[in-house]
Amino acid sequence: PGAFSSGINSDGLALADTHIGWLRPGIGWLRYLLMNEILINAANVPEALDLVESRPHVGGGSLVIADAAGCMAAVELGSKKVMVSAAAGRGIAQTNHFLDPQLAEVQTRHADDPASMNSSDRLRQLDAWLDTERANGTTLDTMARLLAGHPDGTGAALCRHGGDNGSTTISTTLFACKSRRLYFCPGNPCSEPWR
């Protein structure tokens, strides 16, 4: 099946996208078609980045890419610029806004856009988790707890029930690149079992 928001291939290369609205679409590859191209033709992050950088892009959105060797990168897609951030040893996170200032100038940030209203807050939570938990040794259980989180007034929930701004978690996936496994929760990760 097509990779509509994330995927992993037989080499252990995994990717996930985030929606970031874009005011100036260009002529080039749509993110969803690019994701399939990466999963079909790349075995690791360097090959995926070569593929991304060799194509023109419509713009909008970002990708987080990881491979079985532990290499990770985030890619922000503009129509005239692609920003690549390689992960340090702690990992990498991306939510629904551009971090690159030039790309951020052209993103859509409507007050009624559920995907971007709490994006900065969610990114701060992910970065804080990477700084602490990752250093202590990450397990599938600690990642599942993070994704099931509902902070008590200290930030936006990573598990979205649609109450505060209309965005809703429909499922959650964890990719274990080295073992080439996919762990899937078919609903809200705070209440549904993982498979």
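The structure is a predicted model. Helices α1 and α2 pack with their axes 10 Å apart, and the second largest pocket holds about 190 Å³ of space.

**Helix pair α1 and α2**

- Helix α1 spans residues 31-41 and helix α2 spans residues 45-53.
- The angle at which α1 and α2 pack is about 140 degrees, and the two helices are therefore oblique to each other.
- The crossing of α1 past α2 is right-handed.
- On the α1 side, the contact is made by L34, E37, I38 and N41; on the α2 side, E47, A48, L51 and V52 take part.
- Sorted by class, this contact between α1 and α2 comprises five nonpolar residues, one polar residue and two charged residues.

**Second largest pocket**

- The lining of the second largest pocket consists of W22, R24, S79, K80, K81, Q102, L103, E105 and V106.
- Four of the lining residues of this pocket are charged, three are nonpolar and two are polar.

Definitions and conventions:
Residues are numbered from 1 along each chain as its sequence is written. This is a predicted model: local features need pLDDT of at least 70, side-chain atom pairs count only at pLDDT 80 or more; totals for chains, interfaces and linings use all residues. Side-chain values use heavy atoms; hydrogens and water are left out. Axes are lines fitted to C-alpha atoms, for helices over the stretch in contact, and angles run from 0 to 180 degrees between N-to-C directions. Helices (H or I, at least four residues) and strands (E, at least two) are DSSP runs, numbered from the N terminus. Angles under 35 degrees count as roughly parallel, over 145 as roughly antiparallel, 65 to 115 as roughly perpendicular and the rest as oblique. A crossing is left-handed if the near helix is turned anticlockwise from the far one by less than a right angle, and right-handed if clockwise. Contact means heavy atoms within 4.5 Å. Ala, Val, Leu, Ile, Met, Phe, Trp, Tyr, Cys and Pro count as nonpolar, Asp, Glu, Lys and Arg as charged, and the others, Gly among them, as polar. On a 1 Å grid over the protein atoms alone, a cavity is a set of points where a 1.4 Å probe fits but cannot get out, and a pocket is an open set with protein on both sides within 12 Å along at least five of seven lines; lining residues have an atom within 4 Å of a point. Grid points are joined across faces, edges and corners, and a volume is the space filled by probe spheres set on the points.
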